Amino acid sequence: MNQFEVKVFIRLRPSVLDPAGEAIKSASGKLGVEGIKSLRIGKMIEVTIEGNEEIDIKEKIELLSDRLFANTVIEDYEYSIRKL
Amino acid sequence: MASFTVGIVIFPGSNCDRDVFWALEACLDIKTKFLWHESSDLSDVDAIVLPGGFSYGDYLRCGAIARFSPLISALHEFVKSGRRVLGICNGFQILTESGFLPGALVANKNLNFICDDADLTVISTKGNWFNNIDQKRSIRLPIAHGEGRYHCDQETLKRLVDNDLISLKYNKNPNGSIFDIAGITNERGNVLGLMPHPERACDEAIGGIDGLHTLKSLII
């Protein structure tokens with residue numbers, strides 16, 4: 001049995017307004033950092049999971065991402081898998 | 001025959017369950033039964049209210065984790081049977097996350113938690129959740145939410161409009177909801193989700209009775 005480290009990134013879809021991101025963008029300007037054109041907040045979920053092959057892990061992570069981690073009405077997700 | 005009983009679901013973090021209990025039992029003399037979220041036996045209730053609050057701490061997304069409770073699993077059959085389900089605030093969020101209603105509720109446009117009275121227009125007669133048989137009607141209900149901005153894609157919005165599924169719209173949009181939407185029903189009309197709190201508007205002494213009809217209409 002192998003162990004894999006998975007990182008799932010969840011982002012609001014481009015069509016969904018991100019007011020929290022806008023607030024941070026505004027604060028960034030107040031910090032004196034200029035030139036920020038866009039700033040959006042997402043989530044990252046780290047999972048350590050056991051399995052034999054990467055393909056099995058992929059199937060599980062797809063299920064988790066699609067049904068639990070992200071709400072695909074408003075969010076997109078992508079992930080990376082690394083064998084430990 | 002047993003008297004009509006409304007089940008009030010309690011999730012860890014629900015906080016409007018007692019308000020709903022008060023509105024139904026004390027204001028309307030309707031029998032209620034509290035249902036813990038781990039219960040999946042819905043055989044002795046005739047309608048269900050998913051009350052407001054912060055189920056499972058609103059972790060991940062509002063209503064996201066409640067979807068996996070045994071009660072919500074059992075709710076699919078319940079809805080299919082035609083019995084009525086009312087989701088208020090966090091209950092509405094649970095209904096969208098669980099796929100009973102389309103769309104999603106996201107953070108208010110202005111990022112504020114809004115606690116106010118909202119003037120609303122009743123749009124649809126579907127499900128007879130509101131007292132508007134002949135015409136559009138204006139009502140006032142309290143709102144209290146941080147993530148009440150209804151969002152859906154254009155295709156879904158068209159379906160909501162074309163099929164008369166938009167129950168309630170804000171007169172003055174407080175949170176950035178698409179199309180000013182405050183509440184929607186499913187196609188059959190037996191499931192209503194809304195961000196405003198009808199249970200907090202059931203007695204003149206606390207500011208109004210515009211919520212009475214919606215709770216009364218759990219019995220149909």
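The turns below go through one hairpin, its neighbours and a chain contact.

Mentor: Keep in mind that this is a predicted model.

Trainee: Which strands does β11(B) pair with, and in which sense?

Mentor: Look for bridges between strands. β10(B) and β11(B) are antiparallel and share 3 bridges. On β4 of chain B, residues 84-88, β11(B) has a parallel partner, joined by 4 bridges.

Trainee: Which residue of β11(B) is the bridge partner of B:I88?

Mentor: That is B:L194. B:L194 is also the bridge partner of B:G183.

Trainee: Are the faces of β11(B) covered or open?

Mentor: Check the burial of the residues on each side. B:V191 and B:G193 lie on one side and are buried; B:L192 and B:L194, on the other, are buried as well. Both faces are therefore covered, given that 20 or more other C-beta atoms within 10 Å make a residue buried.

Trainee: Where is B:R188, and is B:R188 buried or exposed?

Mentor: B:R188 sits in the loop between β10 (181-185) and β11 (191-194) of chain B. B:R188 counts as exposed because it has 12 C-beta neighbours inside 10 Å. Between B:R188 and B:S98 the C-alpha distance is 17 Å, at a sequence separation of 90 residues.

Trainee: What does B:G189 do in the hairpin?

Mentor: The hairpin has 5 residues between its strands, and B:G189 takes a positive phi near 90°.

Conventions
Residues are numbered from 1 along each chain as its sequence is written. Chains are lettered from A and ligands numbered from 1 in the order in which they are written. This is a predicted model: local features need pLDDT of at least 70, side-chain atom pairs count only at pLDDT 80 or more; totals for chains, interfaces and linings use all residues. Helices (H or I, at least four residues) and strands (E, at least two) are DSSP runs, numbered from the N terminus. Two strands pair if DSSP finds at least two bridges between them.
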